[in-house]
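Dear colleague,

Please find below the structure that I am handing over to you. My notes on it follow directly after.

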Protein chains: 2
Amino acid sequence: MPLKSTRGSNYPDWYQNVISVADMAEVSSSPGCMVIRPWGYGIWERIQRVLDDKIKETGHENCYFPLFIPLSSFHKKADNVEGFAKEMAIVTHSRLTMQDGKLTPDGKLEEPLIVRPTSETIIADSFSKWVKSYRDLPVMINQWANVVRWEMRPRLFLRTREFLWQEGHTAHATYEEAEKEAKTMLDVYAKVAQNALAMPVIKGRKPEHEKFPGAVDTYCIEAMMQDGRALQAGTSHFLGQNFAKSANIRFQNNEGKQEYAYTTSWGVTTRLIGSLIMTHADDEGMVVPPKIAPQQVIIVPIIKDKSQKEEILAYAHKLASALSSQIYDGEKLRVKVDERDKEAVDKMWEWTRKGAPLVCEVGARDIQNNGLMLRTRNKINTPDWKKVVSFDDFVQTVSERLGTFHQELYQAADKRLKENQRTDIKTAEEMQAYFSHQNSWIDGSEGKVAFVRGKWCEDPETVEKMKEMKISIRCIPEDQTHEEGVCLLTNKKATLDVIYARSY
Amino acid sequence: MPLKSTRGSNYPDWYQNVISVADMAEVSSSPGCMVIRPWGYGIWERIQRVLDDKIKETGHENCYFPLFIPLSSFHKKADNVEGFAKEMAIVTHSRLTMQDGKLTPDGKLEEPLIVRPTSETIIADSFSKWVKSYRDLPVMINQWANVVRWEMRPRLFLRTREFLWQEGHTAHATYEEAEKEAKTMLDVYAKVAQNALAMPVIKGRKPEHEKFPGAVDTYCIEAMMQDGRALQAGTSHFLGQNFAKSANIRFQNNEGKQEYAYTTSWGVTTRLIGSLIMTHADDEGMVVPPKIAPQQVIIVPIIKDKSQKEEILAYAHKLASALSSQIYDGEKLRVKVDERDKEAVDKMWEWTRKGAPLVCEVGARDIQNNGLMLRTRNKINTPDWKKVVSFDDFVQTVSERLGTFHQELYQAADKRLKENQRTDIKTAEEMQAYFSHQNSWIDGSEGKVAFVRGKWCEDPETVEKMKEMKISIRCIPEDQTHEEGVCLLTNKKATLDVIYARSY
């Protein structure tokens, strides 16, 4: 039973619909902010765990910096940096008092405080205190935190005023070491996207006009959503000495000379959950890749006759216990028996909407046959999505089935990315014609506007042209042909390969 | 080499000193807020992991609610609740603009937003939407978040404007179920304090005048610090229907009638790290209980001759690898080889200050003897704190040594708690005399003002009397004698046993 809105009928509505029926998040009474519900937050917790392990393996330590940044810290940055974001939450008072029967802000602060849009400035401040000598380097830290940017058109997970993220910040003694760090973290992001989120990405760097203000290089991973738009799923900035200069992060090198440190920063956000939805969800609801599923196997007892309740529950728990000792992705399986006082059919629909990978129905007949009815979420609408399997067979094959599930999700997304990345557009006119269409569901029949891989001449005039076409250069991909061709915006000669697309 | 300030010389300075030399946290450029450095944050991460597992085992799911709460949500609460806290951070603007060369708050909000001092109101708001029928109950959620209270006299970990915590919120269909939940979570806190933090606590409930405003009962765990003061280490509130009534959390019960839900809330904060310091740290610095130590074993290579560097490092890593496969507290050991380019003696001091449980020195002679020099942090200043052990013996006994380390910490703290809990004070006059002294380090010789266990008559006048004496009733402990005696504040007849103390 498809959702009220499907990918083909109304893609933006479908996206909101999936979030709602999967109980992942909801709009809150706090304007522009979201409530992340347990199923959505459970996915975030799994992403955190997988990524945090990699962040630690690559030599970083977690710490925590204040939520508030004094206004004066921003002055320097505002002066130096052109693209300084100005939309942010500002704390000006520290007390509520009752005035004329109304609670009113009182206790005006001497200096307003900014709710962090990023911790860049306050972390740089600490680095300048911590780093004195080359022996103090590298400093390699990360923090998991909430940040606030005053978005005017909020959308759940994609763009909310408050969101969750991790931000890594490092300082190094040499250019080479810092540049390598920025690239290493991009690799970490790409691997987590592919291996845990089953989401293929294109790795590259941003063109000059899309870089993080002040960065020497901004590296990024870009994913293709089911409407052909690009979503930037993670960024890693090599900042050279620019930030060290403005924050005065200096050290005595091993020759006794004062030198500015080389810094990096890198981050991913709860946006990743938005990208997961638009990569894997279908017209029935969410589909969660098993490695980051809060529950990988759900067992729903089918109790038609109350006298059988005890026996069926015992069987369900026996199955859960046998499954829980199986290992997938280096961890014990996450299995849940859904014992809630609800109709079994409603439970089945709920888990389909939520996208739990494997759902088992167990009833009286299954006990007799020592089996179960297995539903494999990603095979929905195919003949074998529901089938009877034996208890022992299922326990022995469950890890393999989850592995296959992950592979199938990845392959479907990878096929989509490859098939919808046009390389045959050769002139500015063809390009104009291609992007004159609107994006829609690209696996459906209606529209196929997605990515174009082609040449770019780097002329400043192209930036304006892209704005008019509502497209952007998503990245300069790692794999360059170095062959001469024609810029798809100006028809001038060009050798740089880039990815053009509409984006989130 | 003791710290600049010791417990005996200046207890408050000693506390700050430990935090600083152990690199746990520092004052930040954001007024009243702290930077939690990796060693401090690593301890918090371990506490989170241990507690989060228990929170999930007891049937709760994590989720996330917005940082900002619209001012209007507070009105109802301010009207209804006497002890409503008014010191909080208020966001009034959403943009910075340059005016007369100065960045200035702009974009005044129609409705001011409060930075959450707790998520009580916004979560109750969601509960009222989620709960319709008894089938939707219980709702059992938890969130890990930052909260803000505008403290005027901040102290690292104990009282900062921003702190980290978890807040659990649940709604139930019956009084009994909700009351049991509140008690269950108090038990979870007590067990985590004892089993993971090696910190004995007294379980009890707060007297009427110390309860969370609006709660039917506030349960708490109280720990004794080394200066004899009490520190409330966790609270769990049984809220009855009071909060459900003000937030309109209603459900149709199984007889078809509308009823208000019964709710609870419970939380612990980064204050726990303050309590850890004042429970276990000594005059040399921090001592971290092994179950929550970011690193349990540190290996410091002693390289006197550079030609031996490679061989010594290889030996250190061989040891690390053998230790890492050992299991303690259900997990693989956390071991680090400290290869930094610093003097070995400085490293040894650093790990002593940080309180890493076991530190191994390995040098050329140790390789010859297939051994190592073991330093056991909690035995400092005893004859056997430093001794040579063999490689194989150490690997085989390391888990047991960590277990003993934990036990010894716990026993020392438990002995302190028991020995400094006076039960022989029998009159108001004796009580007055006892608390006429100031608190100081109670294991030292100077002062012994700590806890008094005795009777309380519950007269309202006693509240004022306690204020004058700068003491409070920490809790009405679970174990009551039910014998009649004399109130230690009024000399009136009383049967209730309470714990009196000064507190943080």
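In these notes, a residue is called buried under 20% relative accessible area, exposed over 50%, and partly exposed in between, with a 1.4 Å probe and protein chains only. The model is predicted, so local features need pLDDT of at least 70 and side-chain atom pairs count only at pLDDT 80 or more, whereas totals for chains, interfaces and linings use all residues. Residues are numbered from 1 along each chain as its sequence is written, chains are lettered from A and ligands numbered from 1 in the order in which they are written, and side-chain values use heavy atoms, leaving out hydrogens and water.

Salt bridges

A salt bridge here is a side-chain nitrogen of Lys or Arg within 4 Å of a carboxyl oxygen of Asp or Glu. Over all chains, the structure holds 66 of them. Helices (H or I, at least four residues) and strands (E, at least two) are DSSP runs, numbered from the N terminus.

In chain A, Glu419 and Lys415 are joined by a salt bridge of 3.7 Å, N to O. Both A:Glu419 and A:Lys415 belong to helix H11 (residues 391–419) of chain A, where they are 4 residues apart, about one turn of the helix. A:Glu419 and A:Lys415 are both exposed.

In chain B, a salt bridge connects B:Glu26 with B:Arg37, their closest N and O atoms being 3.5 Å apart. This pair links distant parts of the chain, 11 residues apart: B:Glu26 is in strand E1 (residues 25–27) of chain B, and B:Arg37 is in the loop between strand E2 (34–36) and helix H2 (38–57) of chain B. B:Glu26 counts as buried because its relative accessibility is 17%, and B:Arg37 is likewise buried at 17%.

A further salt bridge is formed by B:Asp106 and B:Arg95, with 3.9 Å between the closest N and O atoms. Because B:Asp106 lies in strand E6 (residues 102–115) of chain B and B:Arg95 in strand E5 (residues 90–99) of chain B, the pair ties together parts that are 11 residues apart in sequence. B:Asp106 is partly exposed at 25% relative accessibility, as is B:Arg95 at 31%.

Salt bridges that share partners also join A:Asp23, A:Glu26, A:Arg37, A:Asp338, A:Arg340, A:Lys347, A:Glu350 and A:Lys354 into one network.

Strand E10 of chain A

Strand E10 (residues 217–224) of chain A is mostly covered, with 8 of its 8 residues buried. In a regular strand, side chains alternate between the two faces of the sheet. On one side of E10(A) are A:Asp217, A:Tyr219, A:Ile221 and A:Ala223, and on the other A:Thr218, A:Cys220, A:Glu222 and A:Met224; all are buried.

Two strands pair if DSSP finds at least two bridges between them. Strand E9 (residues 202–205) of chain A runs antiparallel to E10(A) and is joined to it by 4 bridges, with A:Lys203 opposite A:Ile221. E10(A) is also joined by 8 bridges to strand E11 (residues 230–238) of chain A, again antiparallel, and A:Met224 has A:Ala230 as its bridge partner there. E10(A) and E11(A) form a hairpin with 5 residues between them, and A:Gly228 in the turn has a positive phi of about 85°.

Cysteines

With a disulfide taken as a pair of cysteine sulfur atoms within 2.5 Å, the structure holds 0 disulfides over all chains. B:Cys487 is in no disulfide, and the nearest cysteine sulfur, that of B:Cys457, is 3.6 Å away. B:Cys487 counts as buried because its relative accessibility is 0%.

Yours sincerely
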